[in-house]
Amino acid sequence: MNIIIVGAGDIGYQLCKRLSMDKHNITLIETNSDMVKRAQDQLDARIIEGSGTNLENLTSAGITNCNIFAALSNNDEVNLLAGQMAKKSGVETVIARVRSEDYLSDDHIMAGENTWPDFIIQPELETARDIVKLIRQSCATDIIEFEDGLIQLIGLRLDKGTSIVNTPLKD
């Protein structure tokens with residue numbers, strides 16, 4: 001699979017490292033020369049120093065043959081613009097990291113446009129969800145989700161003396 005990642009920060013770097021272990025063809029685009037050097041020294045990927053919003057860089061990265069495009073820089077606007085350029089170039093799946101709530105509402109002027117990223121990830125929200133899930137799991141023996149998490153079946157061990165043991169579910 002051909003994958004382009006914009007941004008060699010913590011998330012972009014780790015994603016690139018993981019995907020290259022799975023033998024994908026990865027191209028990483030980064031503006032910071034120190035991060036470019038680190039990526040060149042430690043990652044099995046093609047590294048381009050420059051902006052992910054520069055058409056020449058995207059063309060050089062192989063945007064027209066790209067299956068997945070992940071814009072993961074620390075700049076929301078760069079991620080959204082790069083993602084839009086990828087969609088316009090025909091990329092199948094586009095992911096953008098966005099921190100600002102301003103871009104996340106369903107009534108945003110660009111939401112639903114055919115050039116809007118397929119998936120928008122907000123790291124803080126994802127982290128909070130994972131922490132809540134871990135807290136719930138620490139008491140549960142099983143957690144099964146249905147309907148994308150809207151319904152959860154949670155299994156708990158109860159002591160024999162607990163008042164609800166042997167109480168019918170309807171009660």
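**View 1. The lining of the largest pocket divides into two nonpolar, two polar and seven charged residues.** The classes are simple: Ala, Val, Leu, Ile, Met, Phe, Trp, Tyr, Cys and Pro count as nonpolar, Asp, Glu, Lys and Arg as charged, and the others, Gly among them, as polar. We're looking at a predicted model, where local features need pLDDT of at least 70 and side-chain atom pairs 80 or more, while totals for chains, interfaces and linings use all residues. Residues are numbered from 1 along each chain as its sequence is written, and side-chain values use heavy atoms, with hydrogens and water left out. The pocket's volume is about 300 Å³ (the space filled by probe spheres set on grid points, which are joined across faces, edges and corners). Of its eleven lining residues, R129, K133, E145, D148 and G149 are the closest to the centre. Helix 5 (123–139) gives the largest share, six residues, and strand 7 also supplies at least two. A pocket here is an open set of points on a 1 Å grid over the protein atoms alone where a 1.4 Å probe fits, with protein on both sides within 12 Å along at least five of seven lines; lining residues have an atom within 4 Å of a point. Helices (H or I, at least four residues) and strands (E, at least two) are DSSP runs, numbered from the N terminus.

**View 2. The second largest pocket has a volume of about 190 Å³.** Its lining runs to 16 residues, with G7, E30, T31, S73 and N74 the closest to the centre.

**View 3. D118 and K87 pair up in a salt bridge, 2.9 Å from N to O.** This one links distant parts of the chain, 31 residues apart: D118 sits in the loop between strand 5 (93–97) and strand 6 (119–121), and K87 in helix 4 (residues 76–88). A salt bridge means a side-chain nitrogen of Lys or Arg within 4 Å of a carboxyl oxygen of Asp or Glu. K87 counts as buried because its relative accessibility is 18%, whereas D118, at 35%, is partly exposed. The cut-offs are under 20% relative accessible area for buried, over 50% for exposed and partly exposed in between (1.4 Å probe, protein chains only).

**View 4. K37 and D41 form a salt bridge, with the closest N and O atoms 3.0 Å apart.** Both are in helix 2 (residues 33–42), four residues apart, so about one helical turn separates them. D41 is exposed at 52%.
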